Amino acid sequence: MGFLQVHLLFWVLLPVFLRAWPRQKETPKLLPCWKTWISVSCRGRGLTTFPQGLSYEIKRIDLSHNAISNLTDHDTSALEQLEQLDLSYNHLRSLSGGALGHLAHLRSLILAGNQLHQDHFSNGNAFLSLVSLAALDVSANGLDNQMVASYLHHLPALEWLDLSENHLTCLANGIFQGVPRLRELHLRRNSLVQIEEGALSQLRALEVLDLSMNSLHCITGFGLAQLRVLNLSYNALESFDGAGEEAPCRLHALDLSHNRLNALPLLPRRNQLRYLNLSHNAITTGANKSQNVTPQNVSQSFAKLMDLNLSSNRLGSFPVALLRGLTSLRTLSLARNCLSDIAVELPTNHSSPGPIADRAWQKQTSLSLRMLDLQGNSISHLPPHFFDLLPDLEVMDLGLNRIQLCRARNSSKGECLHAKTEDCTAFHCLPQLRHLSLRGNNLGLVHECLFHRTPLASLDLSENQGLVLPSYALEGLEASLQELSLRGNRMKTASLNFPCLVSLSILDMSGNDLSAIPPSLLCSPLEKLDIQGNQLESIEEAAAKQLRRSLRALSVAGNPFSCCERKWLQILGTSVLDLGETLCYYRNGEESFTTQISGEQAGQLCPRNAYKVYLAVTAFLVCTVGLLCASVRWFLKRAKTCMLLCLSSLRNKVEPAPSPSKEADSTIL
């Protein structure tokens, strides 16, 4: 084999050897940590080990969302001033005995989302030195009852503890013996089915307890007189009885929503409960004799209650007898129950009519409610004396019912006359009512004097398809109404008329069939207007100029705007919120075009613009033809001149000059 063949073979085989040669795997470059003189943040940097070389002055370290699996005493030996350490969502499974021994000033330790269920005995020994620790988060670590006890063996200064999303099934007596100063405990999303007697009684300072999303069935005598907030939502509770407690109870907020309660809970007689959430249960009545739940002892339990949520239960009647004893109640929600006809029982001494008897009855039976939510029931009417029970009512939601509105007529003196009937509802003479919702009640014509002497600030009449709103329908609200919703009523322009609402600033008319802005609306100083999903092809220029004076936010998408009528957009363009979602249309016979209303193409195909283009093209053609004719004329004239010159020169060549000899001879003769 010659030299040339060997040379070629070397260069052919060289890439093969290079690819087969073992090479050291390149280590991916890690992003640098963010550092200050007292804090370090290496969140989500892909670290597999604890960073080294940190200053002893560091007080806060964030190493969350990495891949650190071990923590040794060498890692923390120089961090004697450390106060906060976040190692959440790593792969941490091992803590050496002295890993936390150098951290004498550590106050907060976040270890959520790790694997501390492995080797929990030795890991628990590392916690013994944390005598100053005040906050500990070991949620989502797969810990069971025994493992939790090993970690909480000796934490005398701990005040905040999160054990959520673990595998706890029972709170045994003594499990919290090592954390006597605990003030806030979170046990959300475990599998708790039992709390042994005395398990929480050692926590004399506990104020906040979260037991939501477990499987508890019964709470009896929990013995936490100092507790302020208790969350037992999303369990399987069928009863809650704390009436046997004699010590004063400081409970301020109690959440029992999403359980299986069929009666109101009983609390210690001397309690300070302000907020009670009983939504999404199976409560059918305010009393239950089988569980010794009567209006009298319930009133004693809830004497200071201010906010009661009974929505999404099975109440079939308005609990007047129960509510009369709740003199401090301000907010009540009975939404999504089974209420139909609300009955108000008159006392026996109310047989004699007259204003004095009415005032006495009202004082005897009135409730202190300021907000009442009755949406999502089957209420068709409210009895005449219903509002006499609620002299302080400010907010009322009657949405998604079947309310029938009362008719009224104007007397010869211009006053509204209302007939007190039992089969309809009127909202007149309610001076405290400020916010009313009649959404989704299948309302038709809104009668006059409906809101006579009721100075509403906001009114929701949305989702009443076919609603007719004459100008007299809102009489009495000219000076007070500030917000009005007519969304989703499919109203025509002809069925909508307004009085001069001088205070109206927010109006929602989306989801209707309006073809023009009602002229009566221009009297109001609107700041926010929603007209999405109507049949508007344009907004009149005069209306746009009037709206521009006060309008700050305008929503117009979903209308068939014409690309050829966009003068209003130049006037109101700065206040349009959904300009990028708004389209315009151009139709030419059977063809139609759609484009963004603010785009460059909008308006180019309009008849006016097409006529301008036609004139421009015609002018161009006329000018071109004129220039062409002038050029031809000039060319012909120039050609004629050249031809004459050529003929003249040819003529000179054909006629030669006379001979000089002949001239001389003639001269001699």
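This is a predicted model: local features need pLDDT of at least 70, side-chain atom pairs count only at pLDDT 80 or more; totals for chains, interfaces and linings use all residues.
**Salt bridges**

I began with the charged pairs and found that the structure holds nine salt bridges. In one of them Asp-210 pairs with Arg-188, and their closest N and O atoms are 3.7 Å apart. I placed Asp-210 in strand S13 (residues 208-210) and Arg-188 in the loop between S11 and strand S12 (194-195), so this bridge ties together parts of the chain that are 22 residues apart in sequence. Asp-210 is buried, at a relative accessible area of 9%, whereas Arg-188 is partly exposed at 26%.

Next I looked up Arg-487, which forms a salt bridge with Asp-508, again with the closest N and O atoms 3.7 Å apart. This pair links distant parts of the chain, since Arg-487 sits in the loop between strand S27 (483-485) and strand S28 (506-508) while Asp-508 belongs to strand S28, 21 residues apart. I noted Arg-487 as partly exposed, with a relative accessible area of 30%, and Asp-508 as buried, with 16%. I also recorded that these two residues, together with Arg-439 and Glu-463, are linked in a network of salt bridges.

A further entry concerns Asp-513 and Arg-490, whose salt bridge has its closest N and O atoms 2.6 Å apart. Here Asp-513 is in the loop between S28 and S29, and Arg-490 is in the loop between S27 and S28, so that the pair links distant parts of the chain, 23 residues apart. At 18% relative accessibility Asp-513 counts as buried, because the cut-off for that class is under 20%; Arg-490 is partly exposed, with 34%.

**Aromatic rings**

I then turned to the rings and counted seven aromatic pairs. Tyr-586 is buried at 13% relative accessibility, while Phe-593, at 36%, is partly exposed. I also noted one aromatic cluster formed by Phe-318, Phe-386, Phe-387, Phe-427 and Phe-451.

**Helix H8**

Which residues of helix H8 (residues 541-548) are buried? I found Ala-543, Ala-544 and Leu-547. Seen down the axis of H8, these buried residues fall within an arc of 100 degrees, so they line one face of the helix. Among the elements that cover them I listed strand S29 (528-530) and helix H9 (567-572).

**Pro-180**

I located Pro-180 in the loop between strand S10 (170-171) and strand S11 (184-186), where Pro-180 is partly exposed at a relative accessible area of 40%. Leaving aside residues up to four places away in sequence, I found that Pro-180 touches Pro-156, Gln-202 and Arg-204. Pro-180 and Leu-206 are 26 residues apart in sequence, and their C-alpha atoms are 8.9 Å apart in space.

**Nonpolar surface patch**

My last entry is a nonpolar patch on the surface, formed by Leu-628, Val-632, Trp-634, Phe-635 and Leu-636, with about 580 Å² of accessible area together. Of its members I followed up Val-632, which is placed in helix H10 (residues 607-654) and is partly exposed, with a relative accessible area of 40%.

How values were computed
Residues are numbered from 1 along each chain as its sequence is written. Side-chain values use heavy atoms; hydrogens and water are left out. Buried means under 20% relative accessible area, exposed over 50%, partly exposed in between (1.4 Å probe, protein chains only). Helices (H or I, at least four residues) and strands (E, at least two) are DSSP runs, numbered from the N terminus. The arc is that of the directions from the helix axis to the C-beta atoms. Contact means heavy atoms within 4.5 Å. Rings of Phe, Tyr and Trp (its six-membered ring) pair if their centres lie within 6.5 Å; planes under 30 degrees apart count as stacked, over 60 as edge-to-face and the rest as tilted. Patches are made of residues with over 30% relative accessible area and no salt bridge: like charges are joined within 9 Å, nonpolar side chains (Val, Leu, Ile, Met, Phe, Trp, Tyr) within 5 Å. Accessible areas come from the Shrake-Rupley method with a 1.4 Å probe; for residues, only the protein chains shown count as cover. A salt bridge is a side-chain nitrogen of Lys or Arg within 4 Å of a carboxyl oxygen of Asp or Glu.
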